[in-house]
Amino acid sequence: MKKMVSLEIDGKEVKVEEGKTILEAAKEAGIEIPTLCYHEGLKPYGACRICSVEIERKGRTRIVTSCCYPVEEGLKVKTNSEKVKKIRRTIIEMLLPISPTGPIMSLAKEYGVEKSRFSGERTYCILCGLCVRYCAEIKKENAITFVGRGADRKVAVVPEKADVCAMCRECYELCPSGKIIDIIGY
Amino acid sequence: MVKRINSPEDLEKLRNEIIAKSKAEKHVVSVCMGTGCIALGADVMMDALEKEVEKHGLKGKVEIKKVGCVGFCEQGPIIIIYPEEICYLKVKPEDVPDIVSKTLVEGKIVERLVYTDPNTGEKIPKLGEIPFYKHQHRLLLANNGRIDPRSIEDYIAVGGYKALAKALFEMKPEEIIEEIKASNLRGRGGAGFPTGIKWETTRNAPGEPKYVIVNCDEGDPGAFMDRALMEGNPHSVLEGLIIGAYAIGAHEGFVYVREEYPMAAENISLAIKQAEEYGLLGENIMGSNFSFKVTVHRGAGAFVSGESSALMTAIEGKVGEPRPKYIHTAVQGIWNKPSCLNNVKTWACVPLIILRGAEWFRSIGTKGSSGTMIFSLVGKVNNTGLVEVPMGITLRDIIFKIGGGIRGGKKFKAVQTGGPSGGFIPEELLDTPVDFDELRKVGSMMGSGGMVVMDEDTCMVDAARYFVDFLLEESCGKCVPCREGLKELSRILNNICRGEGKEEDIQLIEDICETMSEASLCALGRTAVNPVLTSLKYFREEWDEHIKDKKCRAKVCKALINYYIDPELCQACTLCLRECPVGAIHGDKEHVHWIDQDKCIKCGTCYEVCRFGAVKKISGEPIPPPPKGMKPIRKRRE
């Protein structure tokens, strides 16, 4: 039997197995934290930062991504503090012009973001990497990958793997924006 | 084939042999072969020197040594003649005959090659007395300039590998860690994490094998501290690494060298080979039970790979991208094994601490930050170069005492410490001591040791824009706040510099900076906001001028300046008129010139060529109308 760890999430005492993340612990306690790049079947990635929460540890508070941060004994977590809400709103503002699609729109509604001050190009892809990671971790094919760095980062099919890719299409249903259909192209 | 060293006694014997052999030579001429000096022609001068020494039949009496960067790069190529420690600056091949015939043969000083104090006119021949060196405290760089980095014998002669012998034969691994902890050595890569604690974490972490890593992915613009150490004294880094490996219980190590540092990679590779031949690396080091091997890993040209988790991912053969480090790399690093990564300078501190003790190390510097730090002092300062100073020295002392103040008598405006994501520190904070915690308090950071001095001709909005654009280029693009935040910051800052800024931009900048600094995945994104925030905090009036008055007081932002010819000063020499690439200047030999603002592309050529100071740069004020008709020139009063 695994060791149990108790922590406090939004004032609620939560006991979970050691090694779980804050996100998993919150889920068990019925507390919802928004996610975009997280998928329970894949390794934590920590890219979208929307699941950021505020933790208090040894008297010091900081922002961490709940999908990656492992639970610790005595940890105090606030999943919806003013600071957290502000960070999420800015992240939503960043993503909204890029991908005004279902998941982002509903987050915008939930967090009261009516208009974005950002001017990102509408590419639809939010670079959550679900497709890339599914292909690497589950299918073990690495047929799609990230290319470019920084502002030029995008998802592309590895040309040598295009045949394998065309046969699969399993990542289609993971894509939050539906852009993957354009990227793969069939 | 060299003889393997099988005990500390063997090492001492070898050391004595090397020293005895070198005593035959009267003079040692050290020629700086740092990258800067080579670029200035040191290699050509070196050839001339070798020929000249032979011509005078001095072979065997004079040893010519190719040494690593001695730091006073501004004045290269540099020659230092020992034992007198005579330092010759800006040496050209044609100076070589004088150096040989006067100094090496007659023992006289060649006055014209000696440092001249710009204020007093005094000639200072001795290296240690030149103000640039006098106020430094050289520990790590002490042997740059004295030893040939490509010779392990040179390193052994100055006491090299003595610390390793002490560590292996007189200390337990735990004792070494205690010593490092007691020394209060903090990570020289920038974050200042206590080195001893990091070592202990890796030592105690479950999992085998454990790895030790040297981070030489120095990517900050204008920074070359790590490079100078790796190129100039690679064995000191290697010795520190071996001691660390022994203390941590690692049997495999990596030296990560960025692709842009071919000489550093070459010199450390050679150092590894030499150490292996002598039995100072490899199986049963120095006859002990400890075995350790080191591999050099070349980077692939990504700035972000200097971040520890990205660097480790790169060593694994993947794209160098950071990953969340809530479980430290010291516990789960390369291939998820405990991996202890330290900066070049941190490793190089280790042999010194082992030999001279933690107490000695702690006696240098401040309570919170002990030891020395190497900075590359660059920008608008008189003496640029590598500067090693005790922690706690003020920025003012570095810039004005060692750096000799601002170039061209201009006024100081700001200094950026800590690389592209360091903050700009204004004049009123120049008495801030250089210390990990103090620099953080004023909104900047120690970083790896970059120090860029800016004068009154620097626009602080433009400077922030420059570093944002640099970091945008270098961000890996994995996490949203860093990628999208930098993209937007770049857009806004470029707009402001173009005179298209809006008042509400400031609020958006602040919101982006808050989210980036709190929620970015790695330190690149979290610290990228420092130049922007400190520029806003300390130079707010410049931002307001750009946005409201469309004025750039430093006259840097092209869109906000105009060139104009003062009719009272113009001598109608037609020089600017002829040089103007777009024919925007009107006038002739009899009449003063004027610039057609519609045609002018603001290239600044007229401003540079005018010998009478008649071409003016103006910003935020109305351009005086061109003279009515053609105004005849008013001859200068003789």
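Where is the place of B:Pro77 in chain B? B:Pro77 sits in the loop between β2 (62-67) and β3 (79-82) of chain B.

## What you're looking at

This is a predicted model, where local features need pLDDT of at least 70 and side-chain atom pairs count only at pLDDT 80 or more, while totals for chains, interfaces and linings use all residues. Residues are numbered from 1 along each chain as its sequence is written, and chains are lettered from A and ligands numbered from 1 in the order in which they are written.

As for confidence, the predictor gives the complex an ipTM of 0.95 and a pTM of 0.91. Chain B has a mean pLDDT of 93, with 98% of its residues at 70 or more; pLDDT is the predictor's confidence in each residue, from 0 to 100.

## Chain B

Chain B carries 25 helices and 19 strands. Its C-alpha trace spans about 90 × 65 × 40 Å along the principal axes. A compact globule of 638 residues would have a radius of gyration near 26 Å, and the 28 Å of chain B agrees with that. The radius is taken over C-alpha atoms, and the globule rule is 2.2 Å times the number of residues to the power 0.38. Of the 638 residues, 53% count as buried, where buried asks for 20 or more other C-beta atoms within 10 Å of a residue's own, exposed for 12 or fewer, and partly exposed falls in between, with C-beta atoms placed from the backbone. Take the contacts in chain B between residues at least 6 apart in sequence: 72% of them join residues at least 24 apart. A contact means that the C-beta atoms of two residues, placed from the backbone, lie within 7 Å.

Between them, 12 residues of domain 3 of chain B touch 15 residues of domain 4 of chain B. On the domain 3 side, β13 (412-417) and β14 (424-426) of chain B each bring at least two residues. That side has six nonpolar, six polar and no charged residues. For these classes, Ala, Val, Leu, Ile, Met, Phe, Trp, Tyr, Cys and Pro are nonpolar, Asp, Glu, Lys and Arg are charged, and the others, Gly among them, are polar.

## Chain A

Chain A has six helices and seven strands, which run β-β-α-β-β-β-α-α-α-β-β-α-α from the N terminus on. Buried residues make up 40% of its 186 residues. Its assigned domains are domain 1 (4-34 + 49-79), domain 2 (81-122) and domain 3 (130-184), and 31 Å lies between the C-alpha centres of domain 1 and domain 3 of chain A.

Strand β3 (residues 52-57) of chain A pairs with β4(A) in the antiparallel sense over six bridges; pairing takes at least two DSSP bridges between the strands. Here A:Glu56 stands opposite A:Thr61. Their hairpin has two residues between the strands, and A:Lys58 takes a positive phi near 50 degrees there. β3(A) also pairs antiparallel with strand β5 (residues 76-78) of chain A, over three bridges, and A:Glu54 has A:Lys78 in β5(A) as its bridge partner.

## Where the chains meet

The contact between the chains uses 24 residues of chain A and 26 residues of chain B. On the chain A side, β4 (60-65) and α2 (82-95) each supply at least two residues, with the largest share, five residues, coming from α2(A). By class, the chain A side has 13 nonpolar, seven polar and four charged residues.

Most residues other than glycine have a negative phi, and most peptide bonds are trans. The bond from B:Gly76 to B:Pro77 is cis, with omega near -10 degrees. The bond from B:Tyr82 to B:Pro83 is cis too, with omega near 10 degrees, and B:Pro83 lies in the loop between β3 and β4 (86-88) of chain B.

B:Glu85 lies in the loop between β3 and β4 of chain B and has a positive phi near 65 degrees. B:Glu85 is partly exposed because 16 other C-beta atoms lie within 10 Å. In chain A, A:Arg169 has a positive phi near 60 degrees, in the loop between α5 (162-168) and α6 (179-184). A:Arg169 counts as exposed because it has 12 C-beta neighbours inside 10 Å.

How values were computed
Domain bounds come from an automatic or database domain assignment. Helices (H or I, at least four residues) and strands (E, at least two) are DSSP runs, numbered from the N terminus.
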